[in-house]
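Hi,

Here's the structure I promised to pass on.

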Amino acid sequence: MSVSTGKNKYKYRLVSHYNSNPIITEAYRTLRTNIQFASGNHEIKTLLVTSTIPNEGKSTTISNLAMTYAEMNKKVLLIDADLRRPTLHRIFSSSTRFGLSNLLTNQCKLEDAITETFVPNLSLITSGPLISNPYELLGSNRVEELLNQLKPLYDMILIDSSPVLAVSDSQLLSVKCDGVLYVINYGKVKRAAAQKAITSLSHAEANVLGVVINNKKRIDHEAAYY
Ligand SMILES: Nc1ncnc2c1ncn2[C@@H]1O[C@H](COP(=O)(O)OP(=O)(O)OP(=O)(O)O)[C@@H](O)[C@H]1O
Ligand SMILES: [Mg+2]
């Protein structure tokens, strides 16, 4: 895997790495702890992130969360299952030559699709080359087979996906994962739209663990308390 030397603006989404502000790092650690509490007695090994509409911060959230799991010495795998607008390969300066789309079509071996990132303990399966039928592939039994193959190899598998109201890909995936993290970009998405999307996930019997309110401006009295 090649690591970019500076022109990659996407890498700055790894705020917990490139930004020295301890409040940001702490926010992702708190998220990790809250996931643990929200899961109760159920072990969460596969966690999907989704949102209502595009650009709410799914990829940013899941990437930074993955880093906080990795820093706990957990063996972590990030999978880019947003097969329509993949970004994890950009954030981690990796290649999409081999990735999830190849694995789901049996066109490469597992070891060819897993790349190591510059973060110790953090591996990545990129989207792979773009394909014309993501919905069919993500709904196939091959996804379960693949997750079952991967689960014994990692402590935590974090999966990025597409927004619920745009396409149904994330609904298909959500029921195959132990938990779902729902990102809401504060002020960007309408409350009714988010409610509708979360209800549709619940109807599909996804285990929605909680909501991450992203991009909320901190107000002064909050800053004082923390
Ligand atoms: N907490 C945040 N504060 C400031 N900017 C943010 C925050 N979270 C995300 N962003 C910015 O918002 C944009 C969208 O983020 P990101 O790519 O993570 O969203 P996404 O939901 O994965 O989008 P898509 O639907 O295209 O997959 C990026 O430019 C990112 O840097
Ligand atoms: Mg994304």
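About 80 Å³ of space lies in the largest cavity. By cavity I mean a set of points on a 1 Å grid over the protein atoms alone where a 1.4 Å probe fits but cannot get out; points are joined across faces, edges and corners, and the volume is the space filled by probe spheres set on them. Counting those of 30 Å³ or more gives 1 cavity.

Quick background: this is a predicted model, where local features need pLDDT of at least 70 and side-chain atom pairs need 80 or more, while totals for chains, interfaces and linings use all residues. Residues are numbered from 1 along each chain, chains are lettered from A and ligands numbered from 1 as written, and side-chain values use heavy atoms, leaving out hydrogens and water.

Back to the cavity: its lining (residues with an atom within 4 Å of a point) includes Ile79, Val143 and Cys177. The lining divides into 11 nonpolar residues, no polar and no charged (nonpolar being Ala, Val, Leu, Ile, Met, Phe, Trp, Tyr, Cys and Pro; charged being Asp, Glu, Lys and Arg; polar the others, Gly among them). Helix 8 gives the largest share, 3 residues (helices are DSSP runs of H or I, at least four residues, numbered from the N terminus).

Now ligand 1. The shell around ligand 1 has 1 nonpolar, 6 polar and 5 charged residues. Some polar contacts (N or O pairs within 3.5 Å) stand out: the side chain of Arg13 comes 2.5 Å from a ligand 1 oxygen, and Asn215 has a polar side-chain atom 3.2 Å from a ligand 1 nitrogen.

Cheers

Note on methods: Polar contact = N/O pair within 3.5 Å; in protein donor to acceptor, adjacent residues only side chain to side chain. 1 Å grid on protein atoms, 1.4 Å probe; cavity = no way out; pocket = protein on both sides within 12 Å on 5 of 7 lines; lining within 4 Å. Helix = DSSP H or I, 4+ residues; strand = E, 2+ residues; numbered from the N terminus.
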